[in-house]
Amino acid sequence: MKQGVTILGATGSIGASSLDVIARHPDRFEVFALTANANVKSLVELCRRFRPTVAVIADPALGSALRAALRAADLPTEARAGAAALAEVAADARAGIVIAAIVGAAGLLPTFAAARAGKRLLLANKEAIVCAGALLMDAVRMGGAELLPVDSEHNAIHQCLAGAADRASSVRRLVLTASGGPFRTRQDMRGITPNEAVAHPNWVMGRKISVDSATLMNKGLEVIEASWLFGFAPEKIDVVIHPQSVIHSMVEFGDGSVVAQLGTPDMRTPIAYCLGYPERVESGSSRLDFLALNALTFEAPDRTRFPCLQLAYDVLARGAAASIALNAANEIAVEAFLGGRLSFDAIAPVIETTLARASMLPPGDVNDVVELDRAARALARSICAQRAGVR
Ligand code: NAD
Ligand code: MG
């Protein structure tokens with residue numbers, strides 16, 4: 001029987017890679033629902049190709065535009081709109097697999113809904129687990145969901161840990177690799193433009209995560225993500241710069257063995273791993289040619305030029321509210337940078353100031369997370385505006 005798949009954030013980079021893998025396996029998967037934030041045209045185009053049962057546009061004002069466009073395209077897909085509709089399709093019994101590929105804390109509630117409904121949950125939306133780590137892991141356990149990481153580093157670690165008995169005592173450390181981003185060797189971080197920051201050397205991704213890769217905040221968020229997914233303290237999670245992006249991450253065991261997962265940098269590989277698990281299915285990615293590789297090199301991250309990495313390590317010791325504030329301030333600062341309202345080297349200071357002023361009350365449930373996120377965003381916005389000199 002075919003498995004129904006819902007993609008939250010289908011019009012993005014992970015959404016496109018997911019649909020590419022799904023299209024290779026019409027015998028195994030069928031698309032149940034596709035969602036997008038506000039791009040009706042792209043969503044309808046995907047509906048034309050993949051014929052989902054339901055399409056959801058997150059912006060509630062665009063529901064009738066989506067309905068009209070689907071009708072004009074002569075498609076039977078049901079149109080829905082708004083935040084509640086997103087959470088409803090994530091929990092719908094007609095899909096057993098949900099791919100959480102919305103960017104930012106905006107993906108929090110539908111990701112929770114899928115976890116509570118006991119789905120196989122393919123998590124790309126790292127901001128959701130950064131904001132709600134313990135609560136999301138609880139929801140997964142209580143809902144009987146199966147959480148599989150799409151993020152390439154965590155997917156690599158999932159593969160490296162396969163078969164490891166008693167992880168808590170057998171694992172010495174997790175080693176997350178990082179490409180180092182476009183500014184790995186740049187000394188002066190002043191005057192960086194958005195186009196320079198989103199030009200990633202190895203991966204093609206959405207704009208927000210591309211800026212995060214340039215500041216190394218992406219690796220910081222991934223340290224927090226790894227800590228929740230695999231249950232390790234920050235002292236047991238290291239980051240090493242590996243500019244070729246061939247080794248996607250590693251696990252070092254107590255006997256001295258280091259297990260690594262390698263491949264070409266293509267998100268279709270981790271997505272296919274999660275879709276087929278525990279089977280291996282074709283992903284469409286090109287094969288790793290060892291003879292064409294010059295060298296695999298490694299270096300330590302520079303925490304002075306890239307302060308965001310250290311900020312992320314620090315918040316892990318400060319509790320859940322600190323992670324929420326870090327993520328919210330980062331989303332606002334990156335948006336301001338991409339909009340030309342904040343300089344690249346002001347991203348870390350905005351986050352630091354937000355962390356110093358934000359509420360540190362621990363969230364008791366997901367509604368508290370939403371509220372803390374909202375408050376930290378408002379704070380970060382005013383800090384950005386002050387720095388820009390516009391009030
Ligand atoms: P993207 O910007 O390309 O796509 C984001 C998707 O989310 C789009 O479909 C968009 O319509 C939707 N969206 C945006 N804001 C929304 C909102 N407020 N409400 C509902 N939907 C909204 O991003 P991406 O690069 O595909 O990344 C998606 C997630 O996957 C991020 O959390 C990112 O960190 C993570 N991730 C991405 C990659 C990658 O290679 N792109 C790798 C690892 C992890
Ligand atoms: Mg990653």
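Where does Pro278 lie? Pro278 lies in the loop between α12 and α13. This is a predicted model, and a cis peptide bond in it joins Tyr277 and Pro278. The omega angle there is about 5°.

The loop between α12 (268-276) and α13 (307-316) also holds Leu291. Is Leu291 buried or exposed? Leu291 is exposed, because its relative accessible area is 83% and the cut-off for exposed is over 50%.

In β11, Leu262 is the bridge partner of Ile247. Strand β10 (residues 247-253) pairs with β11 in the antiparallel sense, over five bridges. In general, the strands of a sheet pair through backbone hydrogen bonds, in a parallel or an antiparallel way.

What is the order of the strands in the open sheet? Four strands make up this open sheet, and the order is β9-β8-β10-β11. The pairing is mixed. At the edges stand β9 (237-241) and β11 (258-262). Each of these two has a single partner strand, so one side of each is left without a neighbour in the sheet. From one strand to the next, the twist averages 20°.

Helices lie across these strands. Helix α11 (residues 217-230) lies across β8 and β9. Its direction is at about 145° to β8. Helix α7 lies across β8 (171-178), β10 and β11. The angle between α7 and β10 is about 40°.

How many residues of α7 are buried? Nine of its nine residues are buried, and the helix is mostly covered. The buried residues include Glu153, His154, Asn155, His158 and Gln159. Also among them are Ser152, Ala156, Ile157 and Cys160. What covers the buried residues of α7? The cover includes the strands β7 (146-149), β8, β10 and β11. It also includes the helices α11 and α12.

Ser213 is in helix α10 (residues 207-215). Ser213 counts as buried because its relative accessible area is 7%, and buried means under 20%. Which residues does Ser213 contact, leaving aside its neighbours within four places in sequence? They are Gly180, Gly181, His200, Met205 and Asn218.

Two backbone angles deserve a look. Arg51 is not a glycine, yet Arg51 has a positive phi of about 50°. Arg51 is placed in the loop between α2 (40-50) and β3 (54-57). Its relative accessible area is 52%, so Arg51 is exposed. Asp166 has a positive phi too, of about 45°, although Asp166 is not a glycine. Where is Asp166 placed? Asp166 is in the loop between α7 (152-160) and α8 (167-170). Asp166 counts as exposed because its relative accessibility is 53%.

Technical notes: Residues are numbered from 1 along each chain as its sequence is written. Chains are lettered from A and ligands numbered from 1 in the order in which they are written. This is a predicted model: local features need pLDDT of at least 70, side-chain atom pairs count only at pLDDT 80 or more; totals for chains, interfaces and linings use all residues. Side-chain values use heavy atoms; hydrogens and water are left out. Buried means under 20% relative accessible area, exposed over 50%, partly exposed in between (1.4 Å probe, protein chains only). Two strands pair if DSSP finds at least two bridges between them. Axes are lines fitted to C-alpha atoms, for helices over the stretch in contact, and angles run from 0 to 180 degrees between N-to-C directions. Contact means heavy atoms within 4.5 Å.
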